[in-house]
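Open the model in your viewer and keep the sequence panel beside it. This tour tells you what to select at each stop and what you will find there.

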Amino acid sequence: MPPSVGAVVVIGIGAYFLPFIIACYRGLSNKVGIFFLNLVFGFTVIGWGALLFYCILTKVRPAEGFL
């Protein structure tokens, strides 16, 4: 049985915004900037990979809130 279109869309959006999700999970201080860069450059493999690399390797600073 093939997956439903809704499930494919949700998984695709989750994969597209994976760098932002990781930034939120790790508590990076510049989540808003990462979100907008991911929104603009995430469709390119290089932009998405660079953001993912940045979010994974950046040192975590204490954050005050979710955003």
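Leaving aside neighbours within four places in sequence, which residues is I22 in contact with? Select I22 and look for L52, C55 and I56, which are its partners. Contact here means heavy atoms within 4.5 Å.

Before moving on, note what you are looking at. This is a predicted model, where local features need pLDDT of at least 70 and side-chain atom pairs count only at pLDDT 80 or more, while totals for chains, interfaces and linings use all residues. Residues are numbered from 1 along each chain as its sequence is written, and side-chain values use heavy atoms, with hydrogens and water left out.

**Stop 1: the whole chain**

Show the chain as a cartoon. There are four helices and zero strands. Helices (H or I, at least four residues) and strands (E, at least two) are DSSP runs, numbered from the N terminus. The order from the N terminus is α-α-α-α. Of the 67 residues, 25% count as buried. Buried means under 20% relative accessible area, exposed over 50%, and partly exposed in between (1.4 Å probe, protein chains only). Among contacts between residues at least 6 apart in sequence, 56% join residues at least 24 apart.

**Stop 2: helix α2**

Select residues 18–26, which form α2. Its buried residues are P19, F20, I22, A23 and C24. Just after α2, click on G27: its phi is positive, about 80°.

**Stop 3: α1 against α2**

Keep α1 and α2 on screen. Their axes come within 4 Å and cross at roughly 65°. That makes α1 roughly perpendicular to α2. Axes are lines fitted to C-alpha atoms, for helices over the stretch in contact, and angles run from 0 to 180 degrees between N-to-C directions. Angles under 35 degrees count as roughly parallel, over 145 as roughly antiparallel, 65 to 115 as roughly perpendicular and the rest as oblique. Show side chains for G14, A15 and Y16 of α1, which meet L18, P19 and I21 of α2. By class, this contact has five nonpolar residues, one polar and no charged.

**Stop 4: α3 against α4**

Switch to α3 and α4. They pack at about 160°, with axes 9 Å apart. α3 is therefore roughly antiparallel to α4. On the α3 side, select I34, L37, N38 and F41; on the α4 side, G47, W48, L51, Y54 and C55. Seven of the contact residues are nonpolar, two are polar and none is charged.

**Stop 5: the largest nonpolar core**

Select I22, A23, L28, I34, L51, L52 and C55. These seven residues make up the largest nonpolar core, a set of buried Ala, Val, Leu, Ile, Met, Phe, Trp, Tyr and Cys residues joined through side-chain atoms within 4.5 Å. Colour by element: α2 and α4 each give two or more residues. The largest share, three residues, comes from α4.

**Stop 6**

Is N38 buried or exposed? N38 is buried, with a relative accessible area of 0%. This residue lies in α3. Beyond its neighbours within four places, N38 is in contact with Y16, F17, L18, P19, F20, W48 and L51.

Finish at N30, in the loop between α2 and α3. N30 is partly exposed, at 32% relative accessible area. Draw a C-alpha to C-alpha distance from N30 to C55: the two are 10.0 Å apart in space and 25 residues apart in sequence.

Definitions and conventions: Ala, Val, Leu, Ile, Met, Phe, Trp, Tyr, Cys and Pro count as nonpolar, Asp, Glu, Lys and Arg as charged, and the others, Gly among them, as polar.
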